[in-house]
Amino acid sequence: MWYNTAMCMLTKTTEFPLSPLPGPLLAWFRENARDLPWRRTRDPYPIWVSEIMLQQTRVAAVLGYYARFLTAFPSVEALAGAPEERLMKCWEGLGYYSRARNLHKAARQVAEAGGFPETYEGLLALPGIGPYTAAAVASAAFGVREAAVDGNVLRVVTRLLDCREDIAQPRVKAWVRDRVREVLPSAAEDMRIFNQATMELGATVCVPNGPPRCEACPAGDWCLARRRGTAQTLPVKSGKKPRRTEELTVFVLLRQGRTALRRRPDTGLLAGLWEFPHVPGTLDEAAAAAAVEAWGLRPLDWHSRLAARHIFTHVEWHMTGYVLEVRGEGPEDFLWTDRADFEARAVPSAFTRYTEAARELLESPDGAPPAGGGEERT
Ligand code: SF4
């Protein structure tokens, strides 16, 4: 019965090594699942929104965004008809903004077609929906039999089977998906929760950081990694490329109660969002003044210097920022925003420190600098 090799060899076996899983797993989930808002519905629209938001983002961080998003765009038709700027503003701070753009494109296709496709393949054809998301939405909304394999499922399955292969390899992911497919429940009601249950087990019991809670696990009696004491070494994942560091000097430029923003290019990191003007490198005040003058602006009054860092998936920004009053027009791509216009623009959370500084100054009735200017902190 047991899949009793030293490590999985990615071969098709005549045994069904996960076959004891579904019954206890589904019973456990029905008893122990977290009450999350997207689990209270079978409507594919909110389920899809939640799945897109949850990519690369923790549940706790998603909850507030999810509620606000569905209030702003209560149906796929409302989302399809919304201006992109409004959508991006709603997404501000959630990161990975291409998700929001694809959500918009897909919403238009769905609204035009008169509703969501009800198959795995149909969902997979929509922008921004990969195999995992298509399987997660199809199963939760329509009871479709397809395995949704995310990082949680990879961890649970490699531990259950004591699989020591590198999950960064596509063939290993495919092998895991095939093993899960072998044990998918046949009843639609069970299938609606099966993928969620496996992920929930990975998120709350077979956890990634720290020891798994095997004593609370519905598969604890037969898990191979538990028996062999290998759980915390699994899954095996080859190292990622080290993140590169970029140094930037960011400017919060103030001119008669307005601050300058400019739009990022339509492709690449933070595509199409609004940013504070910045230049590469860490500039001292003299070099910063020269950079401001190169934009055709005259520095008048330097308020503060603010340091900040932001970590993206592949790059880390180390920022030095200057808040200063200027005179002049500046380049054509500078948009001088008043408080209302500033608040309507989606500025990524990488600039939070500078957004706060700008907001404080734009709030001041006379545009006076905030108290305590001049300090530096990271
Ligand atoms: Fe994970 Fe422990 Fe459950 Fe095995 S018994 S799946 S290691 S929590």
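1. Start with Arg34. In this predicted model, Arg34 has a relative accessibility of 32%, so it counts as partly exposed. The band for that label lies between under 20%, which is buried, and over 50%, which is exposed. Arg34 sits in the loop between α1 (22–32) and α2 (44–54).

2. Now look at the partner of Arg34. Glu200 forms a salt bridge with Arg34, and their closest N and O atoms are 2.8 Å apart. Glu200 belongs to helix α11 (residues 188–204). The two residues are 166 residues apart, so trace the chain between them: the pair links distant parts of it. Glu200 has a relative accessible area of 1%, so Glu200 is buried.

3. Asp35 bridges to Arg40, with the closest N and O atoms 3.0 Å apart. Both Asp35 and Arg40 are exposed. Asp266 and Arg263 also meet through their side chains, at 2.9 Å from N to O. Asp266 is exposed because its relative accessibility is 59%. Arg263 reaches 38%, so Arg263 counts as partly exposed. Shared partners also build a network of salt bridges, which joins Arg34, Arg39 and Glu200. Over the whole structure, the search finds 22 salt bridges.

4. Which side chain of opposite charge is nearest to Asp166? That is Lys237, 7.7 Å away. Asp166 is buried and has no salt bridge.

5. What polar partners does Asp166 have, then? The side chains of Asp166 and Ser238 are joined by a polar contact of 2.9 Å. A polar atom of the Asp166 side chain also lies 2.9 Å from the backbone nitrogen of Ala168. Asp166 itself is in the loop between α9 (151–160) and α10 (170–181). Leaving out residues up to four places away in sequence, Asp166 touches Val172, Val236, Lys237 and Ser238.

6. Turn to the aromatic rings. The whole structure holds 14 aromatic pairs. In one of them, the rings of Phe276 and Phe351 have centres 6.1 Å apart and planes at 65°, so this pair is edge-to-face. Phe276 lies in the loop between β3 (274–275) and β4 (278–280). Phe351 lies in the loop between α14 (339–344) and α15 (352–363). The pair links distant parts of the chain, 75 residues apart. Both residues are buried.

7. Phe351 has another ring partner. The rings of Trp317 and Phe351 have centres 5.6 Å apart, and their planes meet at 55°, so this pair is tilted. Trp317 is in strand β6 (residues 315–327) and Phe351 is in the loop between α14 and α15, so the pair ties together parts 34 residues apart in sequence. Trp317 is buried, as is Phe351.

8. Last, find Tyr65. The charged end of Arg68 sits over the Tyr65 ring, 5.0 Å from its centre.

Note on methods
Residues are numbered from 1 along each chain as its sequence is written. This is a predicted model: local features need pLDDT of at least 70, side-chain atom pairs count only at pLDDT 80 or more; totals for chains, interfaces and linings use all residues. Side-chain values use heavy atoms; hydrogens and water are left out. Helices (H or I, at least four residues) and strands (E, at least two) are DSSP runs, numbered from the N terminus. Buried means under 20% relative accessible area, exposed over 50%, partly exposed in between (1.4 Å probe, protein chains only). Lys and Arg count as positive and Asp and Glu as negative; His and the chain ends are not counted. A salt bridge is a side-chain nitrogen of Lys or Arg within 4 Å of a carboxyl oxygen of Asp or Glu. A polar contact is a pair of N or O atoms within 3.5 Å; within protein, one must be able to donate a hydrogen and the other to accept it, and residues adjacent in sequence count only if both atoms are side-chain atoms. Contact means heavy atoms within 4.5 Å. Rings of Phe, Tyr and Trp (its six-membered ring) pair if their centres lie within 6.5 Å; planes under 30 degrees apart count as stacked, over 60 as edge-to-face and the rest as tilted. A charge sits over a ring if NZ of Lys or CZ of Arg is within 6 Å of the ring centre and within 35 degrees of the ring normal.
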